[in-house]
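Trainee: I'm new to this one. Can we go through it piece by piece?
Mentor: Fine. Have a look, then ask.
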Amino acid sequence: MATYKPENILITGAAGFIACHVANRLIRNYPSYKIVVLDKLDYCSNKKNLDPSSSSPNFKFIKGDIASADLVNHILLTESIDTIMHFAAQTHVDNSFGNSFEFTKNNIYGTHVLLEACKVTGNIKRFIHVSTDEVYGETDEDAVVGNHEASQLLPTNPYSATKAGAEMLVMAYGRSYGLPVITTRGNNVYGPNQFPEKLIPKFILLAMKGQNLPIHGDGSNVRSYLYCEDVAEAFEIILHKGEVGHVYNIGTDKERRVLDVASDICKLFSLDPNAVIKFVNNRPFNDQRYFLNHEKLNNLGWSERTTWEEGLRKTMEWYVKNPDWWGDVSGALVPHPRMLMMPGMGKSSSDVGSIYTSSASNNSALKRMVNPSSKNIHHARKSSLKFLIYGRTGWIGGLLGKICDKQGIAYNYGKGRLQDRVQLLADIQNVKPTHVLNAAGVTGRPNVDWCESHKPETISTNVVGTLTLADVCREHGLLMMNFATGCIFEYEAGHPIGSGIGFKEEDKPNFTGSFYSKTKVMVEELLKEYDNVCTLRVRMPISSDLNNPRNFITKIAKYDKVVNIPNSMTVLDELLPISIEMAKRNCKGIWNFTNPGVISHNEILEMYRDYIDPKFKWTNFTLEEQAKVIVAPRSNNEMDASKLKKEFPELLSIRESLIKYVFKPNKKNLTAGTAI
């Protein structure tokens, strides 16, 4: 059997769990191989996983996304890549039930980009695609022979479906274009460096804290577990001895029920399984068993070396020694974590309470961590998040900083002007953020009428500046949360006033009556071409600070006359913490960022009178009368907030939110004699 000898290997996703062990092993054992790692450092990745290789002359790390065709092509050409080991993927089944599109994007589209780059550059001699045993679907409980490499693929969840889809692309490129592909399908892997959304590290960390171990269903589901170093050795053998066009199962004959895994971890920490194991709702579908036939890989010379007891002990010792490796992972330790529920983020109400729970609330629990010798371990968890915020002098930008302070999230305000690419690059280099929040922009002084006579300045900031920041963020693999506006729609025949039919995210803007709105329409359309941007359409923002002149309530309470039109609005006290949560979840695309429902000027002023000033009076006038005292027309519309409500079920209607966050707190302040 001929042995393949690579020269320059690209390993995708190698800051993640399995791939970091493969990369470190190859760098250590083969100093003549150049290993290039491409990783976007998603929530379950950590560059520290590659610390053993950081000083090696044959190692290079590139932060970037496999979905960027330009970047992938550039790497293949400039690094003379002849071998790809493709690990990068979204892999957690629970997450796939809540955010399946992200799995399609990463696992299928990302793989397609790599394959196409290989076809175009034409220098690849091996493309090793890492798949999963889950593509086979559920194995019969009484089966004595596992799935072999030619077994039918019958995936049962969104995650395994995307992995099967990616496999089809790999196979197609092998057959259509002669790409030298090899596919692997592996059992569950465990060991050091694994993000604790997965069963074993999650249970270890919970046991360290003396907390309950949540088991989906009745715990009878059977899984096979391989220790990470054994799996790394399997990839080493497949790299050198695997045959092009073949599939290799990486598996073990030893199977364990989830309940047994939990009991074994309890034993390591001297915990009573009957007391700490708790059964919770099962997944929408939870395969009962995966069982692989791995004879084909054994024939290449591989065999499992690490016993379950030895591997579990090594894993436990690593997490006890490195409890802060991932920062605050409280969001991953809930029974049913959602995508990117990790450092400092809130939790779904079904798991641990309000979405606004901050990481600080978990500190006391962390101090009760228990190690195998039953001595207390005190470790102050730090969030791995770091925000770069633009718009420091603005209302929303200032509030975002205060929320970060409250949640213990590190942040810096950007010093560069949005239009100056060099200054933005310097900000990112100095701050090294995980996310960028853009609340900078021109809204007008004192209102949008200013923009009508300052059009170049408005374009410079709202269009050129925003696009420049988005592009710089894209280059660095950073998500940009962009605080935009919903003042790009107006009531029309298809969305008549009072109908309850709101404009949706995909609807085409129909209001350009003001130059301010025109620039916002323009930049939103262009930002659709950037897959690293989350656009939040804010409307008529309101906060509990009734002294703030930018507050919509403060404004209309001081007007001589007001129109009376129902509109969608944004209560910042409720919505801005949600924007932080959305950043943590890496939400992307366009979102109507308003409270559900509409409320009119009169309804707000009536509440102001009832809660704040019983003597308050106001006068209405018509839109025609209003037009005589303003320069540019104003947008009036209802926006459909169902997408946001689905993501955050706790989101209050506009009326409920105003009462809870604005009027009731200010009424208490008045009662206590505090000036409003």
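Trainee: In which hand does H4 pass H5 in their crossing?
Mentor: Right-handed. Keep in mind that this is a predicted model.
Trainee: At what angle do H4 and H5 pack, and how far apart are their axes?
Mentor: The angle is about 15 degrees, and the axes are 9 Å apart. H4 covers residues 100–121 and H5 covers residues 158–177.
Trainee: Why do H4 and H5 count as roughly parallel to each other?
Mentor: Angles under 35 degrees count as roughly parallel, and H4 and H5 pack at about 15 degrees, so they are roughly parallel to each other.
Trainee: Which residues make the contact?
Mentor: On H4 they include Phe 103, Ile 108, His 112 and Leu 115. On H5, Tyr 159, Ala 166, Leu 169 and Tyr 173 are among them.
Trainee: How do the residues of that contact divide into nonpolar, polar and charged?
Mentor: Ten are nonpolar, seven polar and three charged.
Trainee: New topic, sheets. In what order do the strands of the open sheet with S7 come?
Mentor: The order is S7-S9-S11, three strands with mixed pairing. S7 (188–190) and S11 (255–257) are at the edges with a single partner strand each, so one side of each has no neighbour in the sheet.
Trainee: What does the twist average from one strand to the next?
Mentor: 50 degrees.
Trainee: In which sense do S9 and S11 pair, parallel or antiparallel?
Mentor: Antiparallel, over three bridges, with S9 spanning residues 222–227.
Trainee: Which helix lies across S9 and S11?
Mentor: H8, residues 258–268. H8 runs at about 80 degrees to S11.
Trainee: Now S17. Which way do its residues point?
Mentor: His 435 and Leu 437 point one way, while Val 436 and Asn 438 point the other.
Trainee: Are those four buried or exposed?
Mentor: All are buried.
Trainee: In what sense does S17 pair with S15?
Mentor: In the parallel sense, over four bridges; S15 is residues 386–390. Phe 387 stands opposite His 435 there.
Trainee: And over how many bridges do S17 and S18 pair?
Mentor: Four, also in the parallel sense, with S18 at residues 479–485. In that pairing Leu 437 stands opposite Met 481.

Key:
Residues numbered from 1 in each chain as written. Predicted model: local features only at pLDDT ≥ 70, side-chain atom pairs only at ≥ 80, totals over all residues. Heavy atoms only, no water. Pairing = 2+ DSSP bridges. Helix = DSSP H or I, 4+ residues; strand = E, 2+ residues; numbered from the N terminus. Axes fitted to C-alpha atoms, helices over the stretch in contact; angles between N-to-C directions. Contact = heavy atoms within 4.5 Å. Parallel < 35°, antiparallel > 145°, perpendicular 65-115°, else oblique. Left-handed = near helix turned anticlockwise from the far one by under 90°. Nonpolar A, V, L, I, M, F, W, Y, C, P; charged D, E, K, R; others polar. Buried < 20%, exposed > 50% of the residue type's maximum accessible area, 1.4 Å probe, protein only.
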